[in-house]
Amino acid sequence: MSDKHKLKGNIITPLRIIENGEVCFENGVITYVGPQRADGGCIVTDYGDRYISPGFIDIHVHGGGGHDFMDGTPEAYHGASALHLRHGTTAMVPTTLAASKEELLRSFSVFERCRDGFAHRNVQAQRVQEHFLLVKLGRCGCALAHADGGRVVAADDLLTRGLAAGFIV
């Protein structure tokens, strides 16, 4: 039996919808997206005038499959990544919660250690969902701060560490 598959229908792309288009994939990897071509020995599924999205990109996800990125463990990152990939998420951005500086730094650290080793390659960056405050510092101007357990603390090193590692704030 062929490992080549073709899905026919209206294809959703970032720029337009390709009417009567197709998505071809082999061994789980998309090999073509565009207007319909000859079938060439593929297993064909025709969805008629229904819509097909070649992959879902989730830019705000906290975990999945019983895993939470704030658990701060490689197992949480890998487990959630695998679950989302199995269900069609081809790229995702793990998102933290509003948390203490220590919890955020732990999450950054695990992400940095795991980032290049994701077997599923669907994790792209990390989003920091945080409540930052602009605090007035007398005549000196303002500084970015972060609420940590009811206290307001300077956020400069937290932001510097996150931004240096490629996190999205």
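1. Let's start with E22: at 0% relative accessibility it counts as buried, where buried means under 20% relative accessible area, exposed over 50% and partly exposed in between, with a 1.4 Å probe and protein chains only. Before going on, bear in mind that this is a predicted model, where local features need pLDDT of at least 70, side-chain atom pairs count only at pLDDT 80 or more, and totals for chains, interfaces and linings use all residues. Residues are numbered from 1 along each chain as its sequence is written, and side-chain values use heavy atoms, with hydrogens and water left out.

2. How many salt bridges does the structure hold? There are two, a salt bridge being a side-chain nitrogen of Lys or Arg within 4 Å of a carboxyl oxygen of Asp or Glu. One of them joins the side chains of K6 and E22, at 3.3 Å from N to O. K6 sits in strand β1 (residues 4-12) and E22 in strand β2 (residues 17-26), so this pair ties together parts 16 residues apart in sequence. Strands (E, at least two residues) and helices (H or I, at least four) are DSSP runs, numbered from the N terminus. Both K6 and E22 are buried.

3. E22 also forms a salt bridge with R37, and here the closest N and O atoms are 3.6 Å apart. R37 is in the loop between β3 (29-35) and β4 (43-52) while E22 is in β2, so the pair links parts that are 15 residues apart in sequence. R37 counts as partly exposed because its relative accessibility is 44%. Through shared partners, the salt bridges join K6, E22 and R37 into one network.

4. Now for the surface. I12, I17 and Y51 make a nonpolar patch of about 300 Å². Patch residues have over 30% relative accessible area and no salt bridge; like charges are joined within 9 Å, and nonpolar side chains (Val, Leu, Ile, Met, Phe, Trp, Tyr) within 5 Å. Accessible areas come from the Shrake-Rupley method with a 1.4 Å probe, and for residues only the protein chains shown count as cover. I17 lies in strand β2, and at 43% relative accessibility I17 counts as partly exposed.

5. The C-alpha atoms of A98 and M70 are separated by 9.8 Å, with the two residues 28 apart along the chain.
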